[in-house]
Every structure is written in C-alpha cells, then in structure tokens.
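Hello,

Here is the structure I promised to pass on. Please open it first, then read my notes below.

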Amino acid sequence: MQVRLLPELDLELADERVRLFDATGGYRSDTPPPFWSFAWPGGVALARHLLDHPELVAGRTVVDLGAGSGLVGIAAKRAGARRVTAVDTDPAALAAAVRNAARNGVEIETAAAAVPAEVIVAGDVFYSAPVSATVLKILRAAAADALIGDPGRGHLPERLFEELAKYDVPVRRSLEDGDVMTTRIWRLRRPTSGAASAGP
C-alpha cells in the first residue's frame, strides 16, 4: 500500500477502514496494540523530510526508535544511510519492518533496544507521558543527532528541541480526529560545551 506524501514507498499496512484494535479483536492488556500496521503522521512527515534532505542521514548509521512498520528507517536507508537499525519492543513490529524493507528493496537490521548510531530518528513517539519520558532519556543519553516527527500529541518538551520543518499530513479518520494533522520535524538541542544541561 502506498502512503500519502510518500509515493516512493510501498508498505504492508492495515486497510484504510481498520481501527487500532481491530487486528487484536479489541483491547487486551496482554496484547500490544498493532501500532506497526499503520503509518502514523509523525513517521510520515519525518520520512518525507529525510527523503527530501538526504544529507541528514547519507553515509551515517541510523537508529529508527519505536520503528513500528519501519517507515522512517526505510526512508533513511533510501536516503543513503550506511546502516539502519529498527528498534521496537514489539517483535511483530520488527518482523513487519523487515518485510517492509524488503518490499522497498533495502535491508535494515533490528533490535529490541537502542544501539549506538550517529543519528536517531523517531516518528510519533511522544504520545504518552511514560513513553515520552523513556524516549527522552534514550535521546539525551545518546551521542547522536536526534530527529523527531511529532503531530502535537502533547507530550513533546518543545523547549528541548528546535523546529526544522512543518508538514500537513493526510491521516485516517478511523485513527485521528480529522483528515489532516500538522506535523513538525524537530532536532534535539545539545548543550554547548561547558553549559549545564537543562532539566527534563
């Protein structure tokens, strides 16, 4: 299935009418939601940005954090990244990322936890306070550029980031409240040499 804004890519995704928990037969606490079966706006915008600005990842090692379908990592690889590792806690997501990479003629590696890289990319990962705290800890501990796609879900500490771009991303009414979400691309600010780091 082609993703709107990303005609270059073809992904294995849920049908347009499918809602988040349809694939699991309803909510179950022991079954992770199949986030990987959807192209979320933060990932779509970030993938578009990488394809349009390949200099951000070309020749560099990249970690796609919270990879889901592998969309952002695949875009990074297509933009010339030397090596891409899709990181997700859901084994089904990692399997989907590998399938989608093959579908798009690229190879990516997978891992259940973040590995060292020169660039960390993450689309739509600031969607809850606990997840956001975990992601921010990983980003700030890594010696890497960190690029984020975020549609304004309310848990991104914007003061710690600089805005690079903005996209209007078509979205599914079965998942979101409208037809388009304004989504921003952010880069994590790094403390200047000798400066004290900001609090969380």
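**What I found**

The protein has four helices and nine strands. Bear in mind that this is a predicted model. Along the sequence, the elements follow the pattern β-β-α-β-α-β-α-β-β-α-β-β-β.

Start with the sheet. It is open and holds seven strands, in the order β5-β4-β3-β6-β7-β9-β8. The pairing is mixed. β5 (109-111) and β8 (161-170) are the edge strands; each has a single partner, so one side of each is left without a neighbour in the sheet. On average, neighbouring strands are turned by 20° against each other, direction ignored.

Next, one pair inside that order. β3 (residues 61-65) and β6 (residues 119-123) run parallel, and three bridges join them. Look for V62: it stands opposite V119 in β6.

Two helices lie across strands of the sheet. Helix α1 (residues 41-52) lies across β6, β7 (145-150), β8 and β9 (180-188). Its direction is at about 110° to β8. Helix α4 (residues 129-141) lies across β3, β6, β7, β8 and β9. Helix α4 runs at about 170° to β3.

Now the overall numbers. The protein has 200 residues, and 48% of them are buried. Take the contacts between residues at least 6 apart in sequence: 66% join residues at least 24 apart. The exposed surface comes to about 9600 Å², with 52% of it supplied by carbon and sulfur atoms.

Best wishes

Notes
Residues are numbered from 1 along each chain as its sequence is written. This is a predicted model: local features need pLDDT of at least 70, side-chain atom pairs count only at pLDDT 80 or more; totals for chains, interfaces and linings use all residues. Side-chain values use heavy atoms; hydrogens and water are left out. Two strands pair if DSSP finds at least two bridges between them. Axes are lines fitted to C-alpha atoms, for helices over the stretch in contact, and angles run from 0 to 180 degrees between N-to-C directions. Contact means heavy atoms within 4.5 Å. Buried means under 20% relative accessible area, exposed over 50%, partly exposed in between (1.4 Å probe, protein chains only). Accessible areas come from the Shrake-Rupley method with a 1.4 Å probe; for residues, only the protein chains shown count as cover.
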